[in-house]
Amino acid sequence: MGKLMNKKLGVEILATGSSFPQKVLTNADLEKIVDTNDEWIVSRTGMRQRHIAAPNEATSDVALGAARQAIESAKIQAGEIDLIVVATVTPDMFFPSTACFLQTKLGLKNIPAFDLLAACSGFIYGIGVAKAFIESGMYKTILLVGADCLSKITNWTDRNTCVLFGDGAGAMILRASEEKNAILSVSLGADGSYADLLYMPAGGSFKPASHETVDAFEHTTIMKGKDVFKNAVPKMVKAAEEAIVKSGKKVEDIKLFIPHQANMRIIEAVAKKLSISMDRVFVNIHKTGNISSATTITALDEAIRTGKLQKGDLVVLVAFGGGFTWGGCVIEI
Ligand code: ACO
């Protein structure tokens, strides 16, 4: 322990996991709900299907599957975890936190647990939080989850938004290490002056729930898609570039870029601006849609499980979302 106190602590990524609700909603299914078609959705977004939680399935339920898988892959006991952080914009309830519900579902007690809200950038903000907690020596083994059930805050009569979102969760186990430095850099940013381009306006202290807010669909995601698109590209490029510079690495050193899966056209534009060929960019948007806080971590988990990444590979995660918020990080698998 004395040795541990004297050496600078780094982070080791022990494992990842992911989980999706069973129900799949295809573009053909959406054609029956709103005036849309498969060709429009695929050509404008790249999405073909998304997972949708059951009525009695909450974000913590989906998070539980991801957390269990990560714990199993890490070959640790759940009792070794000493902090739970859940990034989400769709908590089970306003309070208590989804992290507290997850703690109980994992059979844990007394360890700290809290939610973090940075919309689609939430998981990358979470990486920053986990890095700081571990490097300071405050916690040793952290369960970090990105989980969202966007279907629960979707206006299913609005074709502009309802085709875009899905549900799912990803998890990562991070542990203090004297040898490893798996989180090489984190770069975060936000600009609250754009809040009304992508938000859920009612239900909080600003506009408490009322019959009027429900009738006006103000408890659902409201988005000015074109403006979000315009801001997303430069901010994701900036976040990725800053993270790479901070890490001391070069673009060529990065094995795989894992961008937030919001729109295929955004992903392609970001890759082009960073001069990265698409074969080094991981895409699973066709299977998942946009799952906000869960996109980068579920994509990372899939890349690891399908053998696209090996131990020692460097990865850039980069995201942009409501707030606006953005973030990028360089990690070693
Ligand atoms: N099916 C068929 N037609 C549609 C649909 C649909 N599902 N949705 C919109 N349209 C129509 C529009 O009504 C419009 O018709 P009009 O020209 O007759 O008015 C036309 O298609 C074009 O609509 P645009 O909004 O101009 O389409 P655009 O090319 O901008 O694509 C999209 C829209 C996909 C939403 C895009 O702007 C986008 O992806 N924006 C970014 C979204 C994003 O990144 N969100 C990130 C974060 S999400 C989060 O933080 C939770």
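The structure is a predicted model, in which local features need pLDDT of at least 70, side-chain atom pairs count only at pLDDT 80 or more, and totals for chains, interfaces and linings use all residues. Residues are numbered from 1 along each chain as its sequence is written, and side-chain values use heavy atoms, with hydrogens and water left out.

Helices (H or I, at least four residues) and strands (E, at least two) are DSSP runs, numbered from the N terminus, and two strands pair if DSSP finds at least two bridges between them. In general, strands of a sheet pair through backbone hydrogen bonds, either parallel or antiparallel. Here, 5 strands make up an open sheet with mixed pairing, in the order E1-E7-E6-E4-E5. Strand E1 (10-19) and strand E5 (113-116) are its edges, each pairing on one side only. From one strand to the next, the twist averages 20 degrees; angles run from 0 to 180 degrees between N-to-C directions, and axes are lines fitted to C-alpha atoms, for helices over the stretch in contact. E1 runs antiparallel to strand E7 (residues 167-177), and 9 bridges join the two.

Helix H5 (residues 98-105) lies across strand E4 (83-87), E5 and strand E6 (141-149), and runs at about 130 degrees to E4.

The other sheet has 4 strands in the order E8-E13-E12-E11; it is open, and its pairing is mixed. Its edge strands, each pairing on one side only, are strand E8 (183-190) and strand E11 (256-259). The twist in this sheet averages 10 degrees from one strand to the next. Strand E12 (residues 314-321) and strand E13 (residues 325-332) run antiparallel, joined by 8 bridges. Gly-321 has Thr-325 of E13 as its bridge partner. H6 packs on this sheet, touching E8, E12 and E13, and its direction makes about 125 degrees with that of E8.

How covered is H12? Of its 11 residues, 8 are buried (under 20% relative accessible area; exposed is over 50%, and partly exposed lies in between, with a 1.4 Å probe and protein chains only). Among the buried residues are Ile-297, Ala-299, Leu-300 and Asp-301. Asp-301 has a relative accessible area of 1%, whereas Arg-305 is partly exposed at 42%. The side chains of Arg-305 and Asp-301 meet in a salt bridge, 2.9 Å from N to O. The two residues are 4 apart in helix H12, so about one helical turn separates them. After the helix comes Gly-307, with a positive phi near 80 degrees.

A salt bridge is a side-chain nitrogen of Lys or Arg within 4 Å of a carboxyl oxygen of Asp or Glu, and by this rule the count comes to 11. In helix H6 (residues 122-135), Glu-135 and Lys-131 lie 4 residues apart, about one turn of the helix, and they form a salt bridge with closest N and O atoms 2.9 Å apart. Lys-131 is buried at 17%, while Glu-135 is partly exposed at 27%. Glu-218 and Lys-207 also meet in a salt bridge (2.8 Å, N to O).

The ligand is surrounded by 24 residues, the closest being Thr-36, Arg-44, Cys-120, Lys-226 and Asn-263; a residue counts if one of its heavy atoms lies within 4 Å. Polar contacts, here pairs of N or O atoms within 3.5 Å, can be found too. A polar side-chain atom of Trp-40 lies 3.2 Å from an oxygen atom of the ligand. A polar backbone atom of Arg-159 is 2.9 Å from a ligand nitrogen atom, and an N or O atom in the side chain of Arg-265 is 3.1 Å from a ligand oxygen atom.

Note on methods:
Contact = heavy atoms within 4.5 Å. Polar contact = N/O pair within 3.5 Å; in protein donor to acceptor, adjacent residues only side chain to side chain.
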